[in-house]
Amino acid sequence: MSTPHDSVVRITVDESDAVAINPGMWGVFFEDINTSADGGLYAELVRNRDFGFIERDAPGWGPLTGWTTKGAVRPSGTPVRVELDGRDAPASITNHGFDGIAVRRGEPLILELGFEVLDGDPTLVVTLHDANGAVLAEGSAADGRLTPSDGCADARLTIAVTDGTVAVSWVSLFPERTWRGDSNGLRSDLGDVIAALRPRFVRFPGGCVAHGLGLDNVYRWKNTIGPVRDRVGDSNLWGYHQSMGLGYFEYFRFCEQLGAEPLPVLAAGVCCQNTPGGQAAFDDEQLAAYIGDIRDLIAWANAPADSRWGAVRAAAGHPEPFGLRYLGIGNEDEQSPAFRSRFGEILAVLRAEHPEITVIGTVGPFPSGSDYETGWAIARELEVPIVDEHSYKAPKWYFQNLDRFDRYDRSGPKVYVGEYGSRGNTMLCALAEAAYMSAMERNGDVVHLASYAPLLAKVGNTQWEPDLVYFDNERVLPSLNYWVQQMHAHAAGDRALPVDVAGAPQWQRRRSARSRFSVRAASGTLTVEDVSTEDASGRRTTPGAAGVQRYQEPVDARGADITHRARVRLDGGQDGFVVAFGDPESDLSYEWHFGTWQEKFLVLGYVADGLYDEWTEPIPFTWPRGHEFDLEIIVRDAGRHIICSIDGEIVHDVQEDPSPEERFSATAIRDAASGRTVVKVVNATDEPVDLVVGWAGGGEPLWMRVTELSAPAEAGRPFEAAPSLPTERVDAGSRTRVAAYSFAVLDLDPEPSR
Ligand code: AHR
């Protein structure tokens, strides 16, 4: 709720006192999550082209996943080949692509087949056809081109054999038109949408994919280079398969074509702590070999073409060095002694042997809490140049943390905000990110790099939402968050200028002193008994309910101090249960999650602006099914202080961060190269705001070019609903009006009146 204000907000930019910042601050983070590599950015149209899928990728998967068969067909051998015995009757295999194969009329496709004749004098025919079998293109055994006679969103590719037996080891179909025309290249429209962000760096290949689920799943860059047929695929911890067709060479090429710095992330000698059994670390011998691989990576990227690894790069078609300058070591790792020692050893080697490489460390998964604190202590002690910190938080958190980096030590490690996102694709979320980005830029002497996450998501194949750009086989759907990234990146600079804002609208969250208790479970049998609620007006009890998945306490409690009690038990089920309290109809309510993240954790969270966020650090938690919990929740000071107990023991005692939510902010950037001075205004209130811009030394711009993105706070949900696009206008003079719920970039007249 913003307090109505009819006065003009005065923004005064001080050009005399600039902070130097990294003009290459805004980049992207590409991870193969949400089917964003195979079936996404990587343009290959055949799924499981080498029959390499295995059970570890996903339950029930194997060599024929993605294929249907007719006649005598069987997989055999290692690596797997598929034998089609067409001696007695035709045998065929049909690939269904990644949710179908989308083709356009007249746009050629490159077909590659790997096969061996085992018996007879077989005829092998390849057809591209629609779901009803209508043929769109036909070819023979020879590699070549297929040109569809018609467009089709859901085509399939069939290999049929008659009069003999053939073992097929490879079937690939690529659009001839790839992004910037590379062979083994990228999907054109997805390459374009990323390029339009003008990223100055690309972080890859993960994320969790980099450190893997188990030491044998750590991403190995060497498996991803060289001829594609020789690459070693692996399971993707997001629940599918990585062909590695999009490998290190393609990532580096992509960076080069984008004009972006490559920022590969390598595991820090430990795997993901979410691996069953927890974090595991390489032993000394394994670590020594792994460090050897890191040395080789630097040589592969940077050494001359006549060196051992430079020659490998040159053989792939790139004799010139790639110019690698950044290397991420570790991703969101638990800051254990094992991590510290492995990371420390890798850092020491790189520091001694490769001073030209800037190492980026990690401070755990969250922007606060124990890993974050330990991570920062390690980073300071080891003098890590840059650390990667992540925040996936609700808009409330961002609006309350716009001063976060103001408080960072200017002489310690710099920050790379490698992953952030505000848990939704609504305009309010986009604005929270816009404001946080402005705050990073204002603190560009501390925040060196930043990238939103995740970048891409295939509709219907997401493991993580929200994402920046959604797509299917034919469409690309950028979110409102995407336009914010683009607006910031297109108005980057090399100096942050101090700004004074007078008369900014004030905003206050509507709070409620009411609390309603409920419990829900997605599955299993929930029993809720002896429910009582106590407030200033007395104690009420209600009978419990067994065998329901959702229990709702019908009595509302009101007051500054409310206590809910209940006995809860869950039999069976898969995702634990959630206790909800507070006022679900207000702007702020609470959820206590028992068994979140695959039943591993206990965590207290809040729901603000319709979005859930963790309030406490997750506490490892398992419970025997059928156990009865006596729960007590004390809601004090209308939710500013909450105490939760299990069986009489306090597990959470938390006070809300009292920082105000800054829903209006303005920052300024100067860019020497273009001579631009830009003011960035975020108005996340429900009122339009009139602005006047001027310089600290006096004078005002004679005109301003205003690029503005505005939409209702809830717009963008669901993301398919066509969101608003940024608009441009030129306003004469130094005054303008920014809309309610808007992000505006004001390009100031370079020759102001003084
Ligand atoms: O961006 C999705 C995931 O979020 C990343 O893989 C991981 O680093 C983080 O937990």
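Biologist: The second largest pocket has a volume of about 630 Å³. How should I read such a feature, and which residues lie nearest its centre?

Modeller: Rolling a probe the size of a water molecule over the atoms shows where empty space is left. Keep in mind that this is a predicted model. In this case 33 residues line the second largest pocket, and those nearest its centre are Ser-183, Asn-184, Gly-185, Val-228 and Glu-250.

Biologist: Which elements give two or more residues to that lining?

Modeller: They are β9 (109-129), β12 (152-175), α3 (248-258) and α5 (308-315). The largest share comes from α3, with five residues. Sorted by class, the lining of this pocket has 16 nonpolar, ten polar and seven charged residues.

Biologist: Let's turn to a helix. What span should α6 have, and how far apart are its end C-alpha atoms?

Modeller: Helix α6 covers residues 337-353, 17 residues in total, so at 1.5 Å a residue it should span 24 Å. The end C-alpha atoms of α6 are 24 Å apart, which agrees.

Biologist: And which residues of α6 are buried?

Modeller: First the general idea: an α-helix has 3.6 residues a turn, so residues three or four places apart point the same way. In α6 the buried residues are Phe-339, Arg-342, Phe-343, Gly-344, Ile-346, Leu-347, Val-349 and Leu-350. Their packing partners are α4 (284-302), β17 (326-329), β18 (358-362) and α7 (370-381).

Biologist: Now the charged pairs. How many salt bridges does the structure hold?

Modeller: There are 57 salt bridges.

Biologist: What does the salt bridge between Asp-583 and Arg-514 tie together?

Modeller: Asp-583 and Arg-514 have their closest N and O atoms 2.8 Å apart. Asp-583 lies in the loop between β35 (577-582) and β36 (588-595), while Arg-514 belongs to strand β27 (residues 514-515), so the pair ties together parts that are 69 residues apart in sequence.

Biologist: Why does Asp-583 count as buried?

Modeller: The cut-off is under 20% relative accessible area. Asp-583 counts as buried because its relative accessibility is 8%, and Arg-514, at 10%, counts as buried too.

Biologist: Which residues are linked in a network of salt bridges?

Modeller: One such network links Arg-220, Lys-222, Asp-293 and Asp-296.

Methods. Residues numbered from 1 in each chain as written. Predicted model: local features only at pLDDT ≥ 70, side-chain atom pairs only at ≥ 80, totals over all residues. Heavy atoms only, no water. Salt bridge = Lys/Arg side-chain N within 4 Å of Asp/Glu carboxyl O. Helix = DSSP H or I, 4+ residues; strand = E, 2+ residues; numbered from the N terminus. Buried < 20%, exposed > 50% of the residue type's maximum accessible area, 1.4 Å probe, protein only. Expected span 1.5 Å × (residues − 1). Contact = heavy atoms within 4.5 Å. 1 Å grid on protein atoms, 1.4 Å probe; cavity = no way out; pocket = protein on both sides within 12 Å on 5 of 7 lines; lining within 4 Å. Points joined across faces, edges and corners; volume = space filled by probe spheres on them. Nonpolar A, V, L, I, M, F, W, Y, C, P; charged D, E, K, R; others polar.
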